[in-house]
Amino acid sequence: MFTHALNEHSELLRFSTSGSVDDGKSTLIGRLLYDTKLIFEDTLEALKRSADLTGEGTINLANLTDGLRAEREQGITIDVAYRYFATPRRKFIVADTPGHIQYTRNMVTGASTANLAIILVDARLGVVEQTRRHAYIASMLRIPHLVVCVNKMDLVGFSEATFNAIREEFMDFAARLEIRDIAFIPISALLGDNVVERSANMPWYSGPPLLRHLEEVYIGTDWDLTSPRFPVQYVVRPRDDRWHDFRGLAGQIMGGVFKVGDPVKVLPSGKVSRIAGIHTYDGPRDEAFAPMSVQILLADDLDVSRGDMLAHPDNLPYVASDLEARVCWMHEEPLRPNRKYAIRHTTRFTRCIVREIRSRFDFTTLQAQRPAPELGLNDVGRISLRTMSPICFDPYERNRYTGSFILIDEATNATVAAGMILEPPKSMPATDEAEYII
């Protein structure tokens, strides 16, 4: 039995669910909330009334996350649904992402900040194209932990042989990906087997049920704690005589550890100072680390503004205007070379031009297709772009937060792409500068 007392200092785990249509993603999340007794009474009553009206006879757990009318009518997830819950051991934010191929962009959005991704596989169908697509996206997004839940085990007689065959097929495919931690759990989301409690129907499975795995998976090393990175979000200057000389740089630490007395370099200006103080919501402290939100005070009055980055002088990010990146295109209008967009990278906002589409990724063959004249909706490809002002970045594989960005259509303010920065080339090809005036 769970107590519902929330510990504000307990660890937060962000995870996403994905899978093909009707693999049971929303039902699984509903089962987690229902079995942990984390559903409000009025919500439960509404679901019971809905069950009576539709003649289903039982509560449709998928309706806990399928909030849109269109989702309930079609029985599929369209938008990303976020749910928040907690157990005595950990707090959770879950992104229930769509499984249909046309909503791949939503899957990327929901999984982009996840510590862990759950991919559901229908035990009757095994590994299908959408399973491979979602596994590749999880690998591309460098999600550290992956859980493959083989669902609907009740429909295959809780067969150990079926589960083992799916696990082996997935591992053969995953050998070509970069996923460091994969767990497999046989479940029945509809009946609750191995979701919150161990299943008596599958005594051959010796691992933990899903909830216990979510509570115990170690995420302490998911953040890069070796390379200090602090994008400045806001310069705090209180209009109060008591704080007349206070000038704090507010933001979230995106990597590493900052200590009072440490030297820091302000990028892209290159000016150097020392940390004179670190303030948090709970008061001053001697050190802070990712992903804390803090105010940093410098010993010198340097010109620092939103979009700048503080880093240790001996461990600096790249500072450049020419980038190589992998993007997921998220807009109906295709991406073509020489299009201009706004780019949002950490707290920096500037303009850019897409110089070239180098390739388009084929999810079936896991090969890059060249040439690629354009990228359509939900396509993933490699591009080169140039920004109007330099940005401070790390390759995405080193730091998911300083290595990612979004592209925005300035005319409509629509987010058209999510991008992951690759290692910069050792030398950029010669270009006609006049061709890329932004």
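**Close-up views of a predicted model**

**View 1. Ring pairs join Phe15, Phe85 and Phe92 into a cluster.** The model is predicted. Across the structure there are 11 aromatic pairs. Phe15 is buried, at 1% relative accessible area. Phe85 is buried too, at 6%.

**View 2. Tyr318 and Phe393 form a stacked aromatic pair.** Their ring centres are 5.5 Å apart, with 25° between the planes. Tyr318 belongs to strand β17 (residues 318–329), Phe393 to strand β21 (residues 380–393). Tyr318 is partly exposed, at 32% relative accessibility. Phe393 is buried, at 1%.

**View 3. Val121 is buried in strand β4.** The strand spans residues 116–122. Val121 has 1% relative accessibility; the cut-off for buried is under 20%, so Val121 counts as buried. Leaving out residues up to four places away in sequence, Val121 touches Asp23, Gly126, Val127, Thr131, Val148, Cys149, Val150, Asn151 and Ile166. Lys25 lies 96 residues from Val121 in sequence, yet their C-alpha atoms are 9.6 Å apart.

**View 4. Cys352 is buried, and so is Cys392.** Cys352 has a relative accessibility of 0%. For Cys392, the relative accessible area is 3%. A search of the whole structure finds 0 disulfides.

Note on methods:
Residues numbered from 1 in each chain as written. Predicted model: local features only at pLDDT ≥ 70, side-chain atom pairs only at ≥ 80, totals over all residues. Heavy atoms only, no water. Helix = DSSP H or I, 4+ residues; strand = E, 2+ residues; numbered from the N terminus. Buried < 20%, exposed > 50% of the residue type's maximum accessible area, 1.4 Å probe, protein only. Contact = heavy atoms within 4.5 Å. Disulfide = S-S within 2.5 Å. Phe/Tyr/Trp six-rings, centres within 6.5 Å; stacked < 30°, edge-to-face > 60°.
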